[in-house]
Amino acid sequence: MFKSLGQLFSHITEKTPQPVVNLELAMTVLLYEVAAADDHIHTSEEAKIRHLIRDSFKLDDVTAQALLRQAKTHQHNAVSLQEFTHILKENLDREQRVHFLQELWQVAHSDADIDNNEEHIIRRISDLLYLNHSDFIKTKLNVIDS
């Protein structure tokens, strides 16, 4: 019986293609998640994301726009933030994760208003990246004060 169940589940998993998410896409999805948290993506937020991914990943405008479109699709279909934060935890050291946290705040603040939902999402991402509350506060203040 267990053997037939195993065969059934292996057959199902063989047919279901697993989406390939690399570091750049995972980061872009999380940036977009913050922008979408208040149910309104302001043009300044999208421009900020495009600027960040262009500079961080050394992309041209066309490639950055394609990555952003792909991230929107993944963000819309995502079940959990953990599928993306896990990739960051595996590939970035602590200092790089703190820098990324600051970029999340930059997106949230790019429309000159940090919505409570945006702050909540950033807090969740910060926790999933195993960052301290002090990192959360310091990066927020750095962005607000700049």
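Helices here are DSSP runs of H or I with at least four residues, strands are runs of E with at least two, and both are numbered from the N terminus. This is a predicted model, in which local features need pLDDT of at least 70 and side-chain atom pairs count only at pLDDT 80 or more, while totals for chains, interfaces and linings use all residues. Residues are numbered from 1 along each chain as its sequence is written, and side-chain values use heavy atoms, with hydrogens and water left out.

**Exercise 1. The overall fold**

Work out how the elements of the chain run from the N terminus on.

Solution. Start with the count: the chain has eight helices and zero strands. Written in order, that reads α-α-α-α-α-α-α-α. Next, take contacts, meaning heavy atoms within 4.5 Å. Of those with a separation of 6 or more, 72% join residues 24 or more positions apart.

**Exercise 2. Two partners of H6**

Describe how H6 packs with H3 and with H7.

Solution. Axes are lines fitted to C-alpha atoms, for helices over the stretch in contact, and angles run from 0 to 180 degrees between N-to-C directions.

Step one: the axes of H3 (residues 43-57) and H6 (residues 94-109) come within 8 Å and cross at roughly 150°. H3 is therefore roughly antiparallel to H6; the classes are roughly parallel under 35 degrees, roughly antiparallel over 145, roughly perpendicular from 65 to 115, and oblique for the rest. H3 brings Glu45, Lys48, Ile49, Leu52 and Ser56 to this contact, and H6 brings Glu103, Gln106, Val107 and Ala108. By class there are four nonpolar, two polar and three charged residues. Here Ala, Val, Leu, Ile, Met, Phe, Trp, Tyr, Cys and Pro count as nonpolar, Asp, Glu, Lys and Arg as charged, and the others, Gly among them, as polar.

Step two: H6 and H7 (residues 116-128) pack at about 170°, their axes 10 Å apart. This makes H6 roughly antiparallel to H7. Leu101, Leu104, Trp105 and Ala108 of H6 meet Glu118, Glu119, Ile122, Ile125 and Ser126 of H7. Six of these residues are nonpolar, one is polar and two are charged.

**Exercise 3. The lining of the largest pocket**

Find which helix gives the most to the lining of the largest pocket.

Solution. List the lining: Leu23, Met27, Ser56, Leu92, Glu95, Gln96, His99, Phe100 and Glu103. (On a 1 Å grid over the protein atoms alone, a pocket is an open set of points where a 1.4 Å probe fits, with protein on both sides within 12 Å along at least five of seven lines; lining residues have an atom within 4 Å of a point.) Now assign helices: H2 (23-36) and H6 each supply at least two residues, and H6 gives the most, with five. The classes come to four nonpolar, three polar and two charged.
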